[in-house]
Amino acid sequence: MTEFIQVVIAGLLQGSVYALVALGFSLVYRVTGVINLSQGAFCVVAALVMYWLEHALGWALLPAGLAAVIATAAFAAVLGALTFVPAFGRLPNSGILMLTIGLLTLIEGVLLIGWGSQPYALPPFSGETPFEVAGLRIPSQGVWIVGAALLVVLALWYLLIRTALGLALRACAENVVAARLMGIGVGRVTLFAFVLAAAIAAVGGVVLAPITSLQFDAGRLFTISGFIAVAIGGLTSMTGAVAGGLLLGIIGQLGAVYVSSLFSDALSLLVLLAVLVFRPNGLFASDRGRADVREAARVVQGTSRLGGRAGWALGAVAAAILLALPLAVPQGGRFSSIVITGIVFIAVLGLDVLMGFAGQVSLGQAGFMAIGGYTAAVLATTYAVPPLLATLSGVVLAVLCALVLSVVTTRLRGLYLALGTLAFGLLVDSLAVGLVDVTGGPSGLVGIPSFAVGGFDFATPLSNYYLVAGLIVVLVVLLAGLMRGGFGRALQAIRTDALAAEALGINVVRYKVAAVAISAALAALSGSLYAFYFHFLSPEMVGTSRSLEMVAMLVVGGEATLVGPLIGVALLTLLPTLFQPLAIYKTFATGLLLVVFFLYMPEGIFGAAVAAVQRIGRLFAPPRLASPAGGVAE
């Protein structure tokens, strides 16, 4: 019994930090209706600033921690004023959700440039010796963690209940339009909520830093944990956010001790999926949703496309480039990067069908890559199944998993659908790490053969290039025909307004499931080719970070264009290899591109280029004269 209580205490300490991050999520969501996925990064910002003040300037830990929280809040104020607040006049809620992924990546890039990739740790505030109470050992830093969490909860309660600013926050949470009519500066309140949430996360980072090592990308872990916690507790309930954080910490510790540390995350994710299915609003939130007039669905941006002869001409030029590229680029590292670009593009092509055409936000695309890649690799390596048959098996399994996921998430829309896909991707990550005997665990699966068809092995970069290029041409042509037909028109109708599409007789569920299946199949194909090309596959190669990276590639290249994402994939894959001395800036550049493109170029590079060509064409087009009958003379 003592051991069980000790485990629960450890879970409560860990859950207290999750609760602080979840509080920030809930605060921003209640005011804006948006989930801020950059929230966890502020934990790491504060921790690393405190480390710098303590080590470089010789400050004592407590003053350094306080200064780090203030500095983090100031940083968040600048970031929020330049990006988060302006987004509300330009983007739907789902667009702002994706924008915050860019902010998360941008902050990680800043931390990587400033502090490097090595981990950092600080000594506990009150020494190493734990407290002993009734035979239970409590880490000295645990007192600071729990104390800080209680202090933040009480301060937030006082702010919301007893102050005029808290009244303004609650008014925006209830109804933005009514709050604006009452004279409340919604933009200022939104910025304040963003900064306050960052400060709360910073407190969590400061008190946690002495008992764990942190590095530049640890914010992703805090974001995911806080996201899961607030989803379990309830997005609209701050009490639920705290309870969800504590519950998540306890579940994680119990799973690690009594099941396996490798599967503790999987247990938490299964709980999340169950909550999303049976009580989407959370365990501790009321069923009444947040009153908000902002649309939750993705809005069609009017993507520009080339059609007719211009489209065929562009296709011919692209085909010529594909054929000539091996002659222009010498065999070596750069050519290998081109092959990788093509492989990843196949997965992003599937994401474009799901997000660009169907308007369904997906944060778990790499999960299907992992299913396809590991299935094909295990069958080919362990059971000597021919690579082609192994690849088809991976695609079939991924589609089956997609169908199951679709059944589970049928009731979910917008933000909750994004949550469900994220949970799925994280669950696949956890299983890939935990199933050591099957996947090789964190070390990965080695000895994977080359892809082969019949007696021909695709064992060289050049042969793989032509294989991938041929697949891309076939897939783009097939999907282009599909999207220009009734299927594509139905998907775009669903993206524009699902309720209106249903009223027109479109089977919304069936088309959404079909889009998910196509997306999963292409991701699985990409994952299989990835494994056969590298002869190695690890969870890191097809993890959640890869999912977020593919979203960035899609947005930068251009959604709902099919070919546009290739630009984004090439840009974010090839540039770091072409400019090796600047590789440290890749994360920062990726985040910056995602933020800038969402705010100022939502059509992406391809869409903006096509729109510019069309405008120029209209300028030089001959004028159309009106006929005497009131028509237009040709």
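This report walks through a few local features of a predicted model.

## Ground rules

Residues are numbered from 1 along each chain as its sequence is written. The model is predicted, so local features need pLDDT of at least 70 and side-chain atom pairs count only at pLDDT 80 or more, while totals for chains, interfaces and linings use all residues; side-chain values use heavy atoms, with hydrogens and water left out.

Helices (H or I, at least four residues) and strands (E, at least two) are DSSP runs, numbered from the N terminus.

## Gln39, inside a loop

Gln39 sits in the loop between α1 (2-32) and α2 (41-55). Gln39 is buried, at a relative accessible area of 0%. Buried means under 20% relative accessible area, exposed means over 50%, and partly exposed lies in between (1.4 Å probe, protein chains only).

Leave aside residues up to four places away in sequence. Gln39 then touches Val21, Gly24, Phe25, Ala197, Ala198, Ala201 and Thr223. Contact means heavy atoms within 4.5 Å. Gln39 and Thr590 are 551 residues apart in sequence, and their C-alpha atoms are 18 Å apart in space.

## Aromatic pairs

The whole structure holds 16 aromatic pairs. Rings of Phe, Tyr and Trp (its six-membered ring) pair if their centres lie within 6.5 Å; planes under 30 degrees apart count as stacked, over 60 as edge-to-face and the rest as tilted. Phe42 and Phe75 have ring centres 6.5 Å apart and planes at 65 degrees, so this pair is edge-to-face. The pair links distant parts of the chain: Phe42 is in helix α2 and Phe75 in helix α3 (residues 61-87), 33 residues apart. Phe42 is buried at 0% relative accessibility, whereas Phe75 is partly exposed at 28%.

Phe84 and Phe194 have ring centres 4.8 Å apart and planes at 25 degrees, so this pair is stacked. Phe84 lies in helix α3 and Phe194 in helix α8 (residues 186-208), so the pair ties together parts 110 residues apart in sequence. Both Phe84 and Phe194 are buried. One aromatic cluster is formed by Phe42, Phe75, Phe84, Phe88 and Phe194.

## Helix α5 and its partners

Helix α5 (residues 140-162) has 23 residues. From first C-alpha to last, α5 reaches 33 Å, close to the 33 Å expected at 1.5 Å a residue. The expected span is 1.5 Å times one less than the number of residues.

The buried residues of α5 include Ile145, Val152, Leu156 and Leu160. The buried residues of α5 pack against α1, β1 (131-133), β2 (136-138), α6 (164-174), α8 and α10 (238-258).

## Two helices at an angle

Helix α13 (residues 333-357) and helix α19 (residues 486-496) pack at about 50 degrees, with axes 8 Å apart. Axes are lines fitted to C-alpha atoms, for helices over the stretch in contact, and angles run from 0 to 180 degrees between N-to-C directions. The two helices, α13 and α19, are therefore oblique to each other. Angles under 35 degrees count as roughly parallel, over 145 as roughly antiparallel, 65 to 115 as roughly perpendicular and the rest as oblique.

Val353, Met355, Gly356 and Phe357 of α13 meet Leu491, Gln492 and Arg495 of α19.

## Positive phi

His535 is not a glycine, yet has a positive phi of about 60 degrees. His535 lies in the loop between α21 (508-534) and β6 (536-537), and is partly exposed at 32% relative accessibility.

Ala560 also has a positive phi, near 60 degrees. Ala560 is in the loop between α22 (544-557) and α23 (564-578), and is buried at 3% relative accessibility.
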